[in-house]
Amino acid sequence: MRPGKRQLLLAMLLLVLTFGFTALGVWQLERRTWKLALIAQVEAQLARPPVSAPGRAHWPDIGSQHVYQPVKLTGQFLHGKETLVQAMTRHGSGYWVLTPLARPDGSLVLVNRGFVDPAHRLPHTRHAPEEPVLVSGLLRLTEPHGRTLQPNRPAQDRWYSRDVAAIGAARGLPAAELAPYFVDALPDPNAAPWPIAGLTVTRFRNAHLGYALTWFALALMTLGAGWIAIVNRRRP
């Protein structure tokens, strides 16, 4: 292949890379806009006073606008139907303890009572309140599509995401009575050491601007290299 043709092909490749790096930079700016909106929404929700957890009449309207809304609810825990969902927290790897709460109106709400390490996996190793309780927490949306690459395996009772409908079906909870959301319990100063509540992630890292600038810098460097290749092609 003639040197001039090689330089032309190199210049074309560098231009393609320039467009690719630029597109990645624009995508990171879009991600930054989304992340800033998410952070603003979460901060606004956390600042709101707690309300009663939505009842049946409001279940069809539950959506992203309700995420992280502080709620409170009373009822009786059904400890015999709890589910352990694998989790990774600042306390290490372990499980979320999801327990159905039977409300006075007969409806059921899955409550994430908190985190337990493998040593407290079994129910007899931790406190399980039997009396009616008052739970304060944050409303969360169900996770039917998972949060990891691992799919839930109900047949093996292995859970990787908090899929309310799937957990309810596996535990024999009537679908018509089960709320389409779950509640992350907030810390209770009078609660037993395990499970550890209040580990909901409400602060989100936002480094998208730095990533965007990096991609744009690579685009400029590649564009410069492409220009040099085109100029050199014209030389003998």
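Biologist: What stands opposite F77 in β4?
Modeller: L101 does. The two strands concerned, β2 and β4 (residues 92-102), run antiparallel and are joined by 2 bridges. Strands count as paired here if DSSP finds at least two bridges between them. The names come from DSSP runs numbered from the N terminus: helices are H or I runs of at least four residues, and strands are E runs of at least two.

Biologist: Before we go on, what sort of model is this?
Modeller: It is a predicted model: local features need pLDDT of at least 70, side-chain atom pairs count only at pLDDT 80 or more, and totals for chains, interfaces and linings use all residues. Residues are numbered from 1 along each chain as its sequence is written, and side-chain values use heavy atoms, with hydrogens and water left out.

Biologist: Back to β2. How many bridges join β2 to β6?
Modeller: There are 6, and the strands run antiparallel. L73 has V135 as its bridge partner in β6.

Biologist: And how does β1 pair with β2, parallel or antiparallel?
Modeller: Strand β1 (residues 51-52) pairs with β2 in the parallel sense, over 2 bridges. V51 has V71 as its bridge partner in β2.

Biologist: L73 and L101 have both come up. Which residues have the most contacts inside the largest nonpolar core?
Modeller: They are L73, L101, V135 and Y181, in a core of 16 residues. Such a core is a set of buried Ala, Val, Leu, Ile, Met, Phe, Trp, Tyr and Cys residues joined through side-chain atoms within 4.5 Å. Buried means under 20% relative accessible area, exposed means over 50%, and partly exposed is in between, with a 1.4 Å probe and protein chains only.

Biologist: Which element gives the largest share of this core?
Modeller: β7 does, with 4 residues. The elements giving two or more residues are β2, β5, β6 and β7.

Biologist: What does L73 touch, leaving aside its neighbours within four places in sequence?
Modeller: L73 is in contact with A53, L101, R103, V109, V133, L134, V135 and V183. Contact means heavy atoms within 4.5 Å. There is also a second, separate core of 15 residues, which includes L98, F115, W159 and I196.

Biologist: Why would nonpolar side chains gather like that?
Modeller: In soluble globular proteins, nonpolar side chains tend to be buried together.

Biologist: New topic, charges. How many salt bridges are there?
Modeller: The count comes to 7. The rule asks for a side-chain nitrogen of Lys or Arg within 4 Å of a carboxyl oxygen of Asp or Glu.

Biologist: Which residue does E82 form a salt bridge with?
Modeller: R126, with the closest N and O atoms 2.7 Å apart. This pair links distant parts of the chain, 44 residues apart: E82 is in the loop between β2 (70-77) and β3 (83-89), and R126 is in the loop between β5 (108-116) and β6 (133-141).

Biologist: Why do you call E82 buried?
Modeller: E82 counts as buried because its relative accessible area is 13%. R126 is buried too, at 9%.

Biologist: What about D184, which residues are linked with it in a network of salt bridges?
Modeller: The network links R140, E143, R162 and D184. D184 pairs with R140, their closest N and O atoms being 2.7 Å apart. D184 also pairs with R162, at 3.7 Å between the closest N and O atoms.

Biologist: Is D184 buried or exposed?
Modeller: Buried, with a relative accessible area of 3%. R162, at 7%, is buried as well.

Biologist: Now the backbone. Which peptide bond is cis?
Modeller: The bond from W194 to P195 is cis, with omega near -5°. P195 lies in the loop between β7 and α3.

Biologist: And what is phi of Y68?
Modeller: Phi of Y68 is near 70°, a positive value in a residue other than glycine. Y68 is in the loop between β1 and β2, and Y68 is buried, at 8% relative accessible area. D157 also has a positive phi, near 55°, and D157 is partly exposed, at 39%.
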